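Dear colleague,

Please find below the structure that I am handing over to you, together with its sequence.

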Amino acid sequence: MQTKSGVSSREIRKFDNLASQWWDESGPFKALHSFNKVRVPWIVENLDSKVNSPEPLKGLRLLEVGCGGGILTEPLCRLGAAVTAVDLSAQSVAVAESRLSLPGNETVKQNVSYLLSSVEEVAHSQSQPISAGSSGSGFDAVILSEVIEHNEDQQGLIRVCGSVLRPGGKLFVTTLNKTLAAYVFGIVAAEYVLGIVPAGTHEHDKFVSPEELRQMMRSCGLEVVDTKGLLYNPVCNSWSWSDYFEAINYACVGMKPVPDSEQQLEDGHRSS
């Protein structure tokens, strides 16, 4: 059964059942915890961040789709971003919200809004559509990290994510490639041999190739900024970037174009 945002009720139940383990750094989400060491800097570097600032994302509005228990949400909030974090798993959102009262999470509590919601509902709640000709409104970035491979309407998901971006805003996606290598290492090895993630977490039919993802972005009016591969070392539980190998995991950035009139105005401000 398909529900909101192209996510089946089976997928939602899957993460409801795992919700208590989101913050077990030796548990089924340990690879996502270590992933933060590369994906957080990647997001910061690709945004108009304040270099050498303890809060380089301060003043930016981010939408994280499929936030789970807040593993990625929390570090983004600590870097100053105002984050709207949505998920369709009630148990996962409850776990994320329960952490707001923990000592040291004061900045997170101040900067985050957790919602049991779909991205479509967020788009609908916008006061007006965020078109290429609009000015100022919309999110500075939308983040889809390890999410699109759980979705049954991937093109629709990319489209609605692009619709809530401001002109110049960026869409960040990390996912698994649709290759034999991704099936062998991302499913057989990771789920059934090494037990890095629970069996049944992924379905190879839902994996997306970089070519398919780039085409989805372009068909929604987004410009593809960058694509690069990711390497995961299960022995060390560590991640690294690769400019050449994207057969298993990869990342892609798309940007909503800035209308020529706005770009000329922005360039004028920079030169004055």
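Predicted model: local features only at pLDDT ≥ 70, side-chain atom pairs only at ≥ 80, totals over all residues.

Helix α2 runs over residues 30–46 and has 17 residues. From its first C-alpha to its last it reaches 25 Å, close to the 24 Å expected at 1.5 Å a residue. The helix bends by about 45° at Asn36, and Asn36 is itself among the buried residues of α2. Twelve of the 17 residues of α2 are buried, so the helix is largely enclosed by the rest of the structure. Among these buried residues are Phe35, Val38, Trp42 and Ile43, and also His33 and Arg39. The elements that they pack against include α3 (73–78), as well as the strands β4 (139–145), β5 (165–176) and β6 (223–233).

A polar atom of the Asn177 side chain lies 2.9 Å from the backbone oxygen of Glu246. Beyond its neighbours within four places in sequence, Asn177 is in contact with residues including Phe207, Pro210, Glu246, Ile248 and Tyr250.

Lastly, the cysteines. A search of the whole structure finds zero disulfides. Cys67 counts as buried because its relative accessibility is 4%, and Cys252 is buried with a relative accessible area of 0%.

Yours sincerely

Notes
Residues numbered from 1 in each chain as written. Heavy atoms only, no water. Helix = DSSP H or I, 4+ residues; strand = E, 2+ residues; numbered from the N terminus. Expected span 1.5 Å × (residues − 1). Bend = angle between axes of the 7 residues up to and from the residue. Buried < 20%, exposed > 50% of the residue type's maximum accessible area, 1.4 Å probe, protein only. Contact = heavy atoms within 4.5 Å. Polar contact = N/O pair within 3.5 Å; in protein donor to acceptor, adjacent residues only side chain to side chain. Disulfide = S-S within 2.5 Å.
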